[in-house]
Amino acid sequence: MLEATIKDSMLQFLEESQWLTPKQHGFVSGRSCLTNLIEAFENWTELLDEGHGIDIIYLDYRKAFDTVPHKRLLTKVQEAGIGGKVLKWIKALLSDREMTVVVNKQFSAWSPVQRSTARLCLGPLLFLIYVNDLPDWIVNDMRMFADDTKLWSKISGLSDCVRLQADLDQLRIWSDKWLLSFNPDKCKVMHVGHSYRFHYTLQQDSTSHRLLGTKEERDLGILVTHRLTVSSQCAEAAKKAMKVLGIIRRQFKDLDKECVITLCKSFVRPHLEFAIQAWSPYFKRDIAGLEKVQRRATEFVKGFKSLGYGARVHKLGLTTLYDRRLRGDLIEAYKIITDKEKVKKEVFFEFSDTGYNLRGHCYKLATIRSHLEVRRNFFSQRVVGAWNLLATTPDIYKIKYK
């Protein structure tokens with residue numbers, strides 16, 4: 001409880017002083033996996049629409065939380081403006097720590113812990129402080145979620161590849177200085193929208209490691225492909241949700257309406273709607289594939305199988321997944337426009353200069369023409385039309401969170 005109280009106070013201090021880098025989205029209020037993903041996809045789809053290629057490098061720390069050296073960590077905590085009794089308390093918390101391993105009720109010898117922030121309530125925040133200056137060492141764009149890091153650059157020629165390689169070299173210097181190494185075998189590069197195949201290398205332990213190329217990578221739980229399409233993610237989400245439905249079907253013979261609603265909301269929908277604003281489907285087959293899961297779930301209620309899907313959804317008091325995605329887009333747009341999400345709304349939206357009138361509201365968004373389908377169907381583009389239709393309700397703050 002004491003750790004949690006101090007953690008909340010430290011986080012509040014760091015946020016008020018704007019010390020934490022805006023590139024970090026982990027364990028920070030107003031940012032999340034979703035904000036990390038939509039910021040990255042916003043930049044990637046915009047670059048593709050402008051005719052540029054992109055190289056995305058996914059970095060992996062080697063035992064990140066278990067290798068943070070305590071003395072260097074305390075130095076960075078002090079640089080963050082945290083001193084006095086709090087700094088002394090953190091130093092005492094990290095000092096003289098020991099650990100043992102238990103296997104089959106047999107205990108190993110106790111060993112001192114000198115390089116770990118794991119198993120501490122304060123651990124994630126201390127790690128954020130430790131890696132906070134990482135973006136200062138590079139010139140290209142990047143996003144972080146705790147230890148999950150990706151950086152990228154637009155690729156219009158080999159000079160852009162060389163500049164991205166220079167960033168990797170800078171990260172190696174940072175790694176040597178702060179003793180937090182990357183795992184080159186798990187670091188990968190994804191080439192998007194261009195034919196250059198520059199061989200990126202990462203220096204580690206006096207050895208030059210060539211980064212492996214990939215056409216599909218899991219990014220914060222979402223499958224990202226080299227075409228930035230969402231079909232693979234839709235198929236996997238539907239597959240996982242169907243497996244859950246199979247488990248439910250085997251465990252429960254007869255289900256009433258309340259049970260189906262509870263089980264679907266608790267165990268099925270999370271697979272279909274996690275960070276959905278970043279990968280909302282736009283092909284008919286993908287939309288149908290996700291809707292098929294809920295269609296199957298509504299048949300579990302006794303006596304409902306003979307009814308049509310629309311009637312089943314109505315009787316259960318549910319809405320289609322398509323309608324839920326539309327509402328989710330509007331809620332996310334509302335949170336960004338009203339600064340409830342700690343992201344720059346100017347990055348996502350351009351406000352219309354028509355001003356307020358009886359047929360609209362003062363938050364009207366401008367429609368921007370896009371050339372590529374992947375850009376036209378991304379969150380910041382597809383939500384504009386639906387958002388502007390809220391003109392029938394001048395008070396946009398009436399949008400409900402559900």
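1. Val-101 sits in the loop that runs between strand E2 (97-99) and strand E3 (102-103); helices (H or I, at least four residues) and strands (E, at least two) are DSSP runs, numbered from the N terminus. This is a predicted model, in which local features need pLDDT of at least 70 and side-chain atom pairs count only at pLDDT 80 or more, while totals for chains, interfaces and linings use all residues. Residues are numbered from 1 along each chain as its sequence is written, and side-chain values use heavy atoms, with hydrogens and water left out.

2. Val-101 counts as partly exposed, because its relative accessibility is 43% (buried means under 20% relative accessible area, exposed over 50%, partly exposed in between; 1.4 Å probe, protein chains only). Apart from neighbours within four places in sequence, Val-101 is in contact (heavy atoms within 4.5 Å) with Gln-106, Phe-107 and Ser-108. Between the C-alpha atoms of Val-101 and Arg-197, which are 96 residues apart along the chain, the separation is 46 Å.

3. Met-99, Val-101 and Val-103 make a nonpolar surface patch of about 240 Å². Patches are made of residues with over 30% relative accessible area and no salt bridge, like charges being joined within 9 Å and nonpolar side chains (Val, Leu, Ile, Met, Phe, Trp, Tyr) within 5 Å; accessible areas come from the Shrake-Rupley method with a 1.4 Å probe, and for residues only the protein chains shown count as cover. Met-99 belongs to strand E2 and is partly exposed, at 37% relative accessibility.

4. A salt bridge is a side-chain nitrogen of Lys or Arg within 4 Å of a carboxyl oxygen of Asp or Glu. The count by this rule is 17 salt bridges. Arg-375 is buried at 6% relative accessible area, and Glu-42 is buried at 2%.

5. Asp-133 and Lys-76 form a salt bridge through their side chains (2.8 Å, N to O). Asp-133 is in the loop between helix H5 (123-130) and strand E6 (141-145), and Lys-76 is in helix H3 (residues 70-79), 57 residues apart. Both Asp-133 and Lys-76 are buried.

6. Arg-382 and Asp-329 also meet in a salt bridge (2.8 Å, N to O). Arg-382 lies in helix H14 (residues 379-388) and Asp-329 in helix H11 (residues 321-337), so the pair ties together parts 53 residues apart in sequence. Arg-382 is partly exposed at 24% relative accessibility, whereas Asp-329 is buried at 6%.
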